[in-house]
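Here's a walk through the model, from the whole chain down to a pair of neighbouring residues. Keep the viewer open as you read.

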Amino acid sequence: MNSVVDFSSHVYEEATDKTAPSTPRTHITVRGLTKKFGGVPVYSNFNLDLPKGKVTCVFGPNGCGKSTLINMIAGLVPYDEGDILFDGKTLKQTTIGYVFQNYREALFPWMRAIDNIKYPLEIMGMSKADCDTRVQELIASFDVQFDLNRYPYEFSGGQQQLISIMRALAPHPEVLFLDEPFSALDYEMTLFIREKLQEIFQATGVTMIVVSHDLEEAVYLADNILLLTKRPTRVADTVVFDAARPRDIGTLSSGAFVQTKARCLDIFQKEVRR
Amino acid sequence: MSAATFSPLAPTAMRIGRSLIGPIVLIGIWWLANDSEWVSNKLLPGPFATFSSLWDSIVSGSMMKDLGATLYRTLYAFGLAAIFGIPVGIALGSNDRIYRSVEFLVDFFRSTPATAMFPLFLLIFGIGDFAKIAVAGFSAWLVVVFNVAYGVMNSRKTRILAARVMGASRWRIFRDVLFFESLPQTFVGLRMAVSLALVVIIVAEMFIGSMNGMGHRIIDAQQVFDLQQMYASILMTGGVGYGFNVLFIALEKWVVHWAGR
């Protein structure tokens, strides 16, 4: 299954370096982050380390600012104070990919699907030939069977979200952010995109930060589940789930999965009742 | 014959047939009103006499000259409105502070009847052709500005964020996202603007010293009591307005192919 995605032209450090799996390197450091909405602090002096080459799923009570957190890290929402660094670099020096919850509002409907995928490459100033090569590479690795010369609205929801993911991955991002990528999809498509994400992660080892409101989904995808508290938001706990990949339906009924999920739920409920 | 035996063309034919019912009924009532003298024949000529008068004026070319003059003025005014309206609208729409500071002015002049400004434009531009074009252009320009600005302000924030997270500069966001996001509303504005330009041009041709144009033709026919010619000219003017509308809707569908999907 993991042979489907092959980014041969670009080697991610972590994907090849398997020597030190016990202590993953920190990729994103958040220090002293403060964010107020209308004078009310949502984050105040918030610190966080996100590991490199791992999938981190962010889970927490409604309104705790899960999306706000990744949006601040991705530079979509300004913050009042604090520092966010990627391997010591600033956001400007870092290539990131972002997949929005609502693919319908995130893709450009006036561009064909293929031009949507090329867009971030054009922004980077890549030559036309290189753009075409990269897109062909993505089409091959994603095993895309549909015609990308059509407009986004001509595709099903799952296909549109897949196009969004291809667009986010086109410039070889160091970090891929996904804000509730499944919540606008039906169940069949959710399963399909979830498997695709797992394949991408196994093939590239790209650092992934996924916001989720579905605990089962979060645990299934995650290496680390980051549990947040109610406002003002703190880290309640980080739960590790280290089941082997590729994970499948069997994983969902395994003892480790059930225990991890139960532990997350326990922490979550304590935080909600607090 | 059962419905199953209809060819695939039948639903289209039915639809066209149904849309013709209204006009046919209206012409029927018109004919009846004329024929039975519900309305004095001096005020209402019959439909067939009117249509034959229309046909004669078209064939003889006398109406085409007036039609040409009206179309020229309308499209001139509309062209000015579009060329100066779209950039101003985008600029206003993408800067909230500038928009708030001129919002009152735009709303005020949009609510001022264009006809009330005839004397002012005559003072500025003289009684030549350009005074008419300028007043129509000004009214149409306001409609374009307002709609384009509205389109830009109501563009989906997600798409702007998507472009920004990919590293697009302000200018690229403007060119690649904001412009396209505002296009559906821009077309609404352009359609309204061309209709308004036609209305203002026709009125201007009637009352501010014109030697030609459909407005001039209508008022001339009324003055000499050539009612067939007056109705024929009104019908032609209506046809022009309707034609503009159909043309712009078709253009809009083709350009803004993603709207509503």
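Predicted model: local features only at pLDDT ≥ 70, side-chain atom pairs only at ≥ 80, totals over all residues.

## Ground rules and overall build

Two residues are in contact if their C-beta atoms, placed from the backbone, lie within 7 Å. Residues are numbered from 1 along each chain as its sequence is written, with chains lettered from A and ligands numbered from 1 in the order in which they are written.

Chain A has 10 helices and nine strands; helices (H or I, at least four residues) and strands (E, at least two) are DSSP runs, numbered from the N terminus. Its radius of gyration is 18 Å, close to the 19 Å that the globule rule gives for 274 residues, so chain A is as compact as a globular protein of that length. (That radius is taken over C-alpha atoms, and the rule is 2.2 Å times the number of residues to the power 0.38.) Along the principal axes, the C-alpha atoms of chain A fill a box of roughly 55 × 45 × 40 Å. Of the 274 residues in chain A, 42% are buried, meaning that 20 or more other C-beta atoms lie within 10 Å of a residue's own; 12 or fewer makes it exposed, and anything in between partly exposed, with C-beta atoms placed from the backbone.

## The sheet

Look for an open sheet of six strands in chain A, in the order 5-6-7-3-8-9 and with mixed pairing. Two strands pair if DSSP finds at least two bridges between them. At the edges sit strand 5 (96-99) and strand 9 (235-240) of chain A, each pairing on one side only. Neighbouring strands of this sheet are turned by 15 degrees against each other on average, direction ignored.

Strand 3 (residues 55-59) and strand 8 (residues 224-228) of chain A pair in the parallel sense over four bridges. A:Thr56, for instance, has A:Asn224 in strand 8 as its bridge partner. Helix 6 (residues 157-169) of chain A lies across strand 5 and strand 6 (175-179), running at about 170 degrees to strand 5. Axes here are lines fitted to C-alpha atoms, for helices over the stretch in contact, and angles run from 0 to 180 degrees between N-to-C directions.

## Where chain A meets chain B

The contact takes 18 residues from chain A and 14 residues from chain B. On the chain A side, strand 5, helix 3 (103-106) and helix 4 (113-123) each give two or more residues. Helix 4 of chain A has the largest share, three residues.

## Helix 7 up close

(The expected span is 1.5 Å times one less than the number of residues.) Helix 7 of chain A is followed by A:Gly205, whose phi is positive, near 65 degrees.

The buried residues of helix 7 include A:Ile193, A:Leu197 and A:Phe201. A:Leu197 counts as buried because 20 C-beta neighbours fall inside 10 Å. A:Lys196, also in helix 7 of chain A, is partly exposed, with 19 other C-beta atoms within 10 Å. A:Lys196 and A:Phe142 are 54 residues apart in sequence and 7.9 Å apart in space, C-alpha to C-alpha.
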